[in-house]
Amino acid sequence: MAESPGEARDAAVRRLAERPDDPLAALVRAEATRRLGDAGAALRLVEAALALHADHAPLELERARCHVALGDEARARKRLEALLKRREDFAPGWKALADLRQRAGEEEGAAEAARRHAEATIGSPELARAAELLRRGRLGHAEHALRQYVKDHPTDVSGIRLLADVALRLGVLEDARHLLERCLELAPDFNLARHDYANVLLKQQQYEAAGRELERLIADEPENPSHRVLQALLHVRTGRLEEACELYADILARHPRQAKVQLSYGHALKTVGRREDAVAAYRAAVSAQPTLGEAYWSLANLKTVRFDGADIEAMQTALEDESISAHDRFHLQFALGKALEDARRYDDAFEAYAAGNALRRETVQYDPDRIEAETDALMAFFSREFFAEREGWGDPRPDPIFIVGMPRSGSTLQEQILASHSQVDGTFELPDIISMARRLSGKRRPGDRSAYPEILGSLTREEAAALGAEYLERTRIHRGGAPFFIDKMPNNFMHIGLIKLILPNATIIDARRHPMACGFSNFKQLFARGQNFTYSLEEIGRYYVNYVRLMAFWDEVLPGGVLRVIYEDVVADIETQVRRTLAHAGLAFEPQCVEFYSTDRAVRTASSEQVRQPIYATGLEQWRNFEPHLSPLATALRPVLEGDLRWDE
């Protein structure tokens, strides 16, 4: 067929003249016609054949391939998904669907289809059972079965890759990496495993190694867009945003109706400040996949886009579709809440926000008691004496400026002000301190006992300095040429003790906002990852109180070590607060820091568009529109609103 499609077509035509009802001959004729370059004619042939042979899986697969050849991969995916609901054992269909999803940048969906393909083709009953457990999300049982299988079959790369997939899902990245390295030792040309390996390296922030793997994959499979999509993500993670935008644009020029790629392109465009282009990309994603909730939420999350009546109706219609995923559903609810809030339909907006939060809360793991216990452990361990005994430890370089606090507290504004200074590089919410704390804890899984912070007491002077140097080296990839740089990971407030031990001359700024305003702003914000406390009003309140409690402790054991900047004070008198902040960081005043909105730089957080405008006071009291619904938040916040633990001190 591949070498002589013309001959194959002619033979099929002769066969159909003898047996018009032969589905195999009809299939060969359609496939050969497509291979000869006439996908439109092939589609008409296959649809005519399906009228005679309904539910013929190979014909259905050929119809999907015709759609791909005609440039409509979204329709091809829908055809295959419908087919595979009826024929779960049809292995070629799962392979085709995995390829399409990977080309669209749908990594999770592609992995699921690949697992189903493996399940349908696996000869080993043990591996088939493990793949089924994995498909059903029973990770513990799947891990147990796969470990035994890999022990019994140590050179079976399919089994090793499935076990790596379990480790990746469980967040045990080091195990996943080692397993995939073993896969590639046994089968260097196993490109699906190599793609997974590059993805794990990217998640581990081993950017140079991930880049090398992707270069090899692209050289070997230059027409596979999934490798280039992952390469674009690598560019995003390393701050090469313009290159990422160019790469996404090139992929979309070849595969225009890829909703997830359009979405990623929009994110990159938003980060570099190309707002109108970002809106166009998000709208293109909606056009390609009208139920893609994340595209609607991305438009809402720009904070400057106003949805019209047609948008509201489209979101409500999508929510009526019972087949959409929970992921799409909660994104749609958050976006609908923003649209209704802008329309001043506050009760309806709160209902949408509440529905989105309830759905999202079901998908995340968060234990407020554990967070409070971890805070208690920090307060029991650290003391003034601890730091006095270790004075002069750590790496003495003053390069980092940490901005900590609650999300949605004005931290991005503080970053934009500081990054407008000629001596300061803005970066992103860097995960390196949290990663270091997690490594020091010795925990491999959430239920394991943590050695942190007690392990810090056993560090030597040299080890503390080495950790500081490691942080500075790991973050170098995000910096420009300025002597100082910003790390605005808000959750670093939990690790101020670690920061001051390993980087004693670092600047730390606590960005703080009124508890009710900050709390409700978190409730209506859907975060891409992390911040799992934000999907319940009560849990937001408890987290805020815990944050204020810990910051008061740091003030006690590290007097003068943290500068508190109240968002409402910045709005009231920006120049005074800018001068105060710069002085704390040891920086001379520069006027452009007051005119921060003119600074041209990449901003990744939810406030990216807001910090490109002057400050207005209109948003300070927006939460009052929803006050009748916020009693759980107000009750949880009572210790900082009415008690001795004041939020504004």
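How many residue pairs are in polar contact between domain 1 and domain 2, counting those with both residues at pLDDT 80 or more? The count is one residue pair, and this report, which concerns a predicted model, sets that count beside other properties of the interface before turning to individual residues.

## Domains and the interface of domains 1 and 2

The protein is divided into four stretches, with domain 1 spanning 5-121, domain 2 spanning 125-308, domain 3 spanning 309-363 and domain 4 spanning 368-615. Between domain 1 and domain 2 the C-alpha centres are separated by 25 Å, and the contact draws 15 residues from domain 1 and 21 residues from domain 2. About 1,700 Å² is buried between domain 1 and domain 2, with 48% of that area on carbon and sulfur atoms.

One salt bridge is found across the interface of domain 1 and domain 2. A salt bridge also links arginine 169 with glutamate 112, whose closest N and O atoms lie 3.9 Å apart. On the side of domain 1 that touches domain 2, the helices α5 (73-86), α6 (91-103) and α7 (107-121) each supply at least two residues, and α7 gives the most, with six residues. By residue class, this side of domain 1 comprises three nonpolar, two polar and 10 charged residues.

Arginine 177, placed in helix α11 (residues 173-186), is buried because its relative accessible area of 14% falls under the 20% limit. Its side chain makes a polar contact with the side chain of glutamine 204 at 3.3 Å. Apart from residues up to four places away in sequence, arginine 177 touches Tyr197, Val200, Leu201, Gln204 and Gln206.

Glutamine 205 is found in the loop between α12 (191-203) and α13 (207-220), where a relative accessibility of 17% means that glutamine 205 counts as buried. Once its neighbours within four places in sequence are set aside, glutamine 205 is in contact with Pro431, Asp432, Ser435 and Arg474. Tyrosine 207, which belongs to helix α13, likewise counts as buried, at 11% relative accessibility. The contacts of tyrosine 207, not counting residues up to four places away in sequence, are with Leu202, Leu234, Arg237, Thr238, Ile477 and His478.

## Backbone geometry in loops

Most residues other than glycine have a negative phi, and most peptide bonds are trans. Against that background, a cis peptide bond joins tyrosine 452 and proline 453, with omega of about 10 degrees. Proline 453 is located in the loop between α25 (432-441) and α26 (461-474).

Lysine 303, a residue other than glycine, has a positive phi near 70 degrees; lysine 303 sits in the loop between α18 (293-301) and α19 (309-319) and counts as partly exposed at 22% relative accessibility. Glutamine 531 also has a positive phi, of about 50 degrees, although glutamine 531 is not a glycine. The loop that holds glutamine 531 runs between α28 (515-523) and α29 (537-557). Why does glutamine 531 count as buried? Its relative accessibility is 11%, and buried means under 20% relative accessible area.

Definitions and conventions: Residues numbered from 1 in each chain as written. Heavy atoms only, no water. Helix = DSSP H or I, 4+ residues; strand = E, 2+ residues; numbered from the N terminus. Buried < 20%, exposed > 50% of the residue type's maximum accessible area, 1.4 Å probe, protein only. Contact = heavy atoms within 4.5 Å. Domains from an automatic or database assignment. Buried area = accessible area lost by both parts, 1.4 Å probe. Salt bridge = Lys/Arg side-chain N within 4 Å of Asp/Glu carboxyl O. Polar contact = N/O pair within 3.5 Å; in protein donor to acceptor, adjacent residues only side chain to side chain. Nonpolar A, V, L, I, M, F, W, Y, C, P; charged D, E, K, R; others polar.
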